[in-house]
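Please walk through the fold shown here with the model open beside the text. The paragraphs move from one region to the next, and each can be followed on screen.

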Amino acid sequence: MNSHSVENNVTFEKDTIPEEIREMLSKASGVVVVDNSANNEYPTPLMTTGHDEVFVGRIPRDISQLNSFHIWCFGDNIRKGAASNAVQIAELIEQNELRRK
């Protein structure tokens, strides 16, 4: 298997909710959001092996900081490097925040 995961801790300028984060990320090219806690459906490295897309899920609030969330990303290392993807997701979040101002 070629995939692994990375957890990103993201702090927003304004309070937000996981639903807004899921909606924003689901509109991003190359990102698949799988985050259904009611049915215990989340991405795993095994699920993402062999895919070009990066899967995002498990988006809990970080209780140690205001407006912060843990965002888990899963991807095939050969098809999509996790480090470059983490940067792309951070840029997407930053762009969205700038548009909301």
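Sorted by class, the residues that line the largest pocket comprise six charged, five nonpolar and two polar ones. This is a predicted model, and the pocket in it holds about 190 Å³ of space. Of the 13 residues in the lining, those closest to the centre of the pocket are Glu-20, Glu-23, Met-24, Lys-27 and Asn-96. Two elements each give two or more residues to this lining, namely helix 1, which spans 18–26, and helix 3, which spans 82–100. The largest share comes from helix 3, with five residues.

From the pocket we turn to the sheet. Strands of a sheet are held to one another through backbone hydrogen bonds, and they may run parallel or antiparallel. In this model four strands make an open sheet in the order 1-4-3-2, and their pairing is mixed. Strand 1 and strand 2, the latter covering 31–33, are the edge strands, since each of them pairs on one side only. From one strand to the next, the twist averages 30°.

The pairings can be followed across the sheet, beginning at the edge formed by strand 1. Strand 1 runs antiparallel to strand 4, and nine bridges join the two; within this part of the sheet, Val-6 stands opposite Cys-73 of strand 4. Strand 4 also pairs with strand 3, again in the antiparallel sense, over three bridges. Here Phe-55 faces Phe-74 of strand 4 as its opposite residue, and Gly-57 stands opposite Trp-72, also in strand 4. The parallel part of the sheet is found where three bridges join strand 2 to strand 3, residues 54–57. In that pairing Val-31 stands opposite Val-54 of strand 3, while Val-32 has Phe-55 of strand 3 as its bridge partner.

How are the two faces of strand 3 covered? In a regular strand, side chains alternate between the two faces of the sheet. In strand 3, Val-54 and Val-56 lie on one side and Phe-55 and Gly-57 on the other, and all of these residues are buried, which leaves both faces of the strand covered. Strand 4 is mostly covered as well, with seven of its nine residues buried. Ile-71 has its place in strand 4, and it counts as buried because its relative accessibility is 0%, where the cut-off for a buried residue is under 20%.

A search of the whole structure finds two aromatic pairs, and one of them is formed by Phe-12 and Phe-69 in an edge-to-face arrangement, with 5.9 Å from centre to centre and 75° between the planes.

Which value of phi does Arg-58 have, although it is not a glycine? Its phi is positive, at about 55°, and Arg-58 is placed in the loop between strand 3 and strand 4. Arg-58 counts as partly exposed because its relative accessibility is 38%, a value that falls between the limits of 20% and 50%. The C-alpha atom of Arg-58 is separated by 6.2 Å from that of Ile-71, although the two residues are 13 residues apart along the chain. The other residue is Asn-40, which likewise is not a glycine and has a positive phi of about 55°. Asn-40 lies in the loop between strand 2 and helix 2, the helix that covers 45–48. With a relative accessibility of 61%, Asn-40 counts as exposed, because the cut-off for an exposed residue is over 50%.

Note on methods: Residues are numbered from 1 along each chain as its sequence is written. This is a predicted model: local features need pLDDT of at least 70, side-chain atom pairs count only at pLDDT 80 or more; totals for chains, interfaces and linings use all residues. Side-chain values use heavy atoms; hydrogens and water are left out. On a 1 Å grid over the protein atoms alone, a cavity is a set of points where a 1.4 Å probe fits but cannot get out, and a pocket is an open set with protein on both sides within 12 Å along at least five of seven lines; lining residues have an atom within 4 Å of a point. Grid points are joined across faces, edges and corners, and a volume is the space filled by probe spheres set on the points. Ala, Val, Leu, Ile, Met, Phe, Trp, Tyr, Cys and Pro count as nonpolar, Asp, Glu, Lys and Arg as charged, and the others, Gly among them, as polar. Rings of Phe, Tyr and Trp (its six-membered ring) pair if their centres lie within 6.5 Å; planes under 30 degrees apart count as stacked, over 60 as edge-to-face and the rest as tilted. Two strands pair if DSSP finds at least two bridges between them. Axes are lines fitted to C-alpha atoms, for helices over the stretch in contact, and angles run from 0 to 180 degrees between N-to-C directions. Buried means under 20% relative accessible area, exposed over 50%, partly exposed in between (1.4 Å probe, protein chains only).
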